[in-house]
Amino acid sequence: MTVGFVMLCHTALDRAAQVARHWAEGDCPVVIHVDRRVAAAEFANLQAELSDLANVRFSGRHACEWGTWGIVAASQEAATLMLRDFPEVRHVYLASGSCLPLRPIAELRSYLDERPKTDFIESVTTEDVGWTIGGLSMERFTLRFPFSWRKQRLFFDVYVWLQRKVGFARKLPSGLVPHLGSQWWCLTRQTLSAILDHPDRDRIDRYFQKVWIPDESYFQTMVRQVSGAVESRSLTLSKFDFQGKPHIFYDDHLQLLRRSDCFVARKIWPHADKIYAAFLSEDRGRQPAAEPNPGKIDRLFAKAVERRTKGRPGLYMQSRFPNEDWENGRTAGPYSVFSGFADVFENFEIWLSKASGTRVHGHLFAKDRVHFAGGEGCYNGALSDSVAIRDYNPKGFLTNLIWNTRGEQQCFQFGPEDDQSLAWFMALDGNAQISVISGAWAVPLFHSNRNFGDIRREAAQLQKVEQEFLSILRSAHVKARVRIWTLADFVENPMEPLQTIIDEIGPRQGRRLTEAPRLADLSGFGQFLQNLRNQGMQPVLMGDFPVNDDPKPANPRRGRPYLVK
Amino acid sequence: MKRRELSSVVDRTRQVSQQDILLFSTLRNEKTRLPFFLRYYRDLGVNHFLIVDNDSTDGGREYLADQPDVSLWTTRHSYKKSRFGADWLNWLQLRYAHGHWSLTVDPDEFFVYPFCDTRPIRALTDWLDASSIKSFPAMLLDMYPKGPLDAQPYREGQDPFEIAQYFDSGNYVFQRNSRYGNLWIQGGPRMRTFFANAPKKAPALNKIPLVKWHRSYAYVSSTHMLLPRGLNQVYDEWGGEKASGVLLHAKFLDTFAAKAEEEMARGQHYAASAEYKAYKAGLEAQPDLWCKWSEKYINWRQLEILGLMSKGNWA
């Protein structure tokens, strides 16, 4: 008993001939169908090349346009020929001209000998498939498809739409339950002959001639009528990309294919010389027979589909430039924005860097230069500290920074004195953690040695900018993690918010803060605010600072506050 | 008519068969670069070279004419007036490229695509055909040495990336060009050093060098963008990644200073050679493009991981 191969060929006939010879010389009869659209000379070449083999036949030629009945008709005719001419064949294996056997014929034969009654054919009900092209599954069976999907897409779509609109539905032949699956099957003589000699075959064929992509449903449906032992999987390793087009194997897949333990793979690139040489040579020593295990290949192709459809979050590049809200993550990873902290605490950046173990930058969006951590003139990815370059494309600057430092969380200072063009971008970014001490910009003004008129003007300006920023952060659409304290609330109890922020950054989880950064001296700050009011400005963002009642921790001369926990 | 500006030196286009992959290039006085250039692209699987020589005086024309897979034209007309060679090449492409995959590169541009170390360029074009993709992008990646440009002289036939080993991995910015639908890419060491105060003037790095040519197509300016506009839609707008490659740019070798000087004198480059002026000034002041965050080139997989190119759904 042996297995016979039906090969459907339309291109790279030289490779098809090689594979056919391999099978035929291994005592597996081969019936070859060549697409009618292939030139006569090429077909004659193929015939001549295989003319020395007694167990190779050529079947009547049909035009096999994708998704049409021709492919089924070709398979039927070739299979009939196979069953008629080669009585020793028990299993018939449907393959294509770009298929390649991955395991020695003897192994396939003994695998099938152990399962003499089993039909290997992927056959799934329409409700259970998630991979159909064009969103049609059950409708493949109930609508009409007179137009080519590839060549007349518009007509195809309109006609489908029209039929849906009118509520048109064809009636299925009684008793048939539509099933779908990979077109590459391996069926027993009993099952195949029962399908080919089905008493109702004319009627059923007429019906399937108008089904869409019948090569994925004809045998898959019929096998359920006649077979007692359907193993619903294909012995052919064949993977499809997101457009439903088969993935192709190249020389660099050689090891992957070897380890898959599948019997046959498609499609192989016709110029993959190494693969063809490796798998068609007979002297391959193999490990004991194993079950097909295409897991690794599955993962490789699943990743490719994901890369093509979802891409890498936060990456903007020459072939990925998502429209707004289609970024699948505006930036590549979480980052923390601190507003006012460096004004309220002395050496906040150094402290934060130690406490959180992250990279802490100064004001990245300052107007004088980009203040990278450590005052560097150039940063990860060769980012420049030039203000002109940053302001030329601020969004690109930030997304580049976050992309370039993947795996290492970035923190930076941001305040009303900085360029504000990214306020909305960050607010709508789920990766941003924005912490604001509102009104803290007044502290450096309070400590500055400037004329009060200038201070007043500057304060009014900064307050206006910060008010806008805060109103953005309070918008209903915000996706960033936002925390806002007034200066007064914050200095009242600085440790709790600091602990929350550090926990959120989180590389050293569970650690309690033992040392707080030193607060700036705020004695007299209430009076300073009152002076601003007296000059006609209304400072509102700091919260409540009574004129003579300085906040408690405002006297840093007592030394650093330590937490006891 | 631009065709009258070109006179044939040697025409071997009758050797070209239907499936051949063609390379188009225009050059002037690049003889030192040619041996490696030809070898690189022959190894990738380019079948025929169609080259316009813009009045070389260094023997490059004679060298090319002797190559069995090169067809060569020459012209003494203005590079600038031919829109930086695009008109000449468009004419050759109209005449010879119809129905072929056509790669258009300068002699200092080296095409890198996913799996280029294991799959010939035909594997890529077959896959593009099967995916109904007609144009393939490869942004220009400026490569540079560590230290002054003239410290390591380039020898004829040498791999230029033995010298120019470094590149900027993550300082590129992207904008849509609504007129032609392409992405406008700027950045890299040139923006960082020569255009730090005028980034808008930094040169464009977007390129679409590989196209399944049709006689109705044309490059608009260099290989930055094409007509019809649909060919410039080489990027995905819905979050996914399309496949893309990179053109490694071996511009910054010891030959650069001389080239910059010559081009300035001829005034034949973009924006009245403002770029070259900036280079000249920049190079005199700061001859080292290298910085501590420069990345050393390893292979295409590295560029893929860094996000400079993508495999898309090719696996």
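**A few spots in the model**

Guide: Let's start with A:Ala106, which counts as partly exposed because it has 13 C-beta neighbours inside 10 Å. Keep in mind that this is a predicted model.

Visitor: Where is the place of A:Ala106?

Guide: A:Ala106 sits in helix α4 of chain A, residues 105-113.

Visitor: Switching to chain B: what is the order of the open sheet of three strands?

Guide: The order is β6-β15-β8, and the pairing is mixed. β6 (109-112) and β8 (138-142) of chain B are the edge strands, each pairing on one side only. On average, neighbouring strands there are turned by 30° against each other, direction ignored.

Visitor: How many bridges join β8(B) to β15 of chain B?

Guide: Five, and the two strands run parallel; β15 covers residues 245-249. One example is B:Asp142, whose bridge partner in β15(B) is B:His249.

Visitor: OK, the contact now. How many residues does it take from each chain?

Guide: Chain A gives 48 residues and chain B gives 50.

Visitor: Which element gives the most to the side of chain A that touches chain B?

Guide: That's α12(A), with seven residues. Others supplying at least two residues include α15 (387-392) and α16 (394-404) of chain A.

Visitor: How do the residues of that side of chain A divide?

Guide: The side of chain A that touches chain B has 22 nonpolar, 16 polar and 10 charged residues.

Methods
Residues numbered from 1 in each chain as written. Chains lettered and ligands numbered in written order. Predicted model: local features only at pLDDT ≥ 70, side-chain atom pairs only at ≥ 80, totals over all residues. Pairing = 2+ DSSP bridges. Helix = DSSP H or I, 4+ residues; strand = E, 2+ residues; numbered from the N terminus. Axes fitted to C-alpha atoms, helices over the stretch in contact; angles between N-to-C directions. Contact = placed C-beta atoms within 7 Å. Nonpolar A, V, L, I, M, F, W, Y, C, P; charged D, E, K, R; others polar. Buried ≥ 20, exposed ≤ 12 C-beta atoms within 10 Å, placed from the backbone.
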